[in-house]
Amino acid sequence: MEIYKKGSRGEMVRQIQKALAGAGLRVIVDGNFGPMSKLATASFQDDYGLEADGIFGPLAEAKILEAVAGTAKPVEPEQPAEPENFWDGIKHFDREEFRC
């Protein structure tokens, strides 16, 4: 597969745009890989755990085919670990830190 990026044009770009739209992303299906296609591609890549560079290559192609087929799910963002004790997450200030 070729690599498609900002400035690419043609029927394959149109198919990529349709697939991105089918995955729920906002994109204009016009066969021109412009800023909106780059942003949609980067968003898709980020959602599915790929490097979000906005360039549609073999990894993005494989993942979007899985997503459209329903065999790939977006990656859940990591949640920061919560402190075991509420007070462990609170910063304590010394009196010297409040001097003007």
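**View 1. Salt bridge between Glu66 and Lys63 in the predicted model**. The closest N and O atoms of Glu66 and Lys63 are 3.8 Å apart, a salt bridge being a side-chain nitrogen of Lys or Arg within 4 Å of a carboxyl oxygen of Asp or Glu. The two residues are 3 residues apart in helix α3, about one helical turn; helices (H or I, at least four residues) are DSSP runs numbered from the N terminus. Glu66 is partly exposed at 32% relative accessibility, and Lys63 is partly exposed at 23%. Buried means under 20% relative accessible area, exposed over 50%, and partly exposed in between (1.4 Å probe, protein chains only).

**View 2. Salt bridge between Glu11 and Arg14**. The side chains of Glu11 and Arg14 meet at 3.7 Å, N to O. Both residues belong to helix α1, 3 residues apart. Glu11 is partly exposed at 48% relative accessibility, as is Arg14 at 28%.

**View 3. The largest nonpolar core**. This core has 16 residues, and those with the most contacts inside it are Tyr4, Leu20, Phe44, Phe56 and Ile64. A nonpolar core is a set of buried Ala, Val, Leu, Ile, Met, Phe, Trp, Tyr and Cys residues joined through side-chain atoms within 4.5 Å. Two or more residues come from each of α1 (11-22), α2 (35-47) and α3 (58-69); α1 gives the most, with 4 residues.

**View 4. Surroundings of Ile64**. Neighbours within four places in sequence aside, Ile64 is in contact (heavy atoms within 4.5 Å) with Ala19, Leu20, Phe44 and Phe56.

Residues are numbered from 1 along each chain as its sequence is written. In this predicted model, local features need pLDDT of at least 70, side-chain atom pairs count only at pLDDT 80 or more, and totals for chains, interfaces and linings use all residues, while side-chain values use heavy atoms, with hydrogens and water left out.
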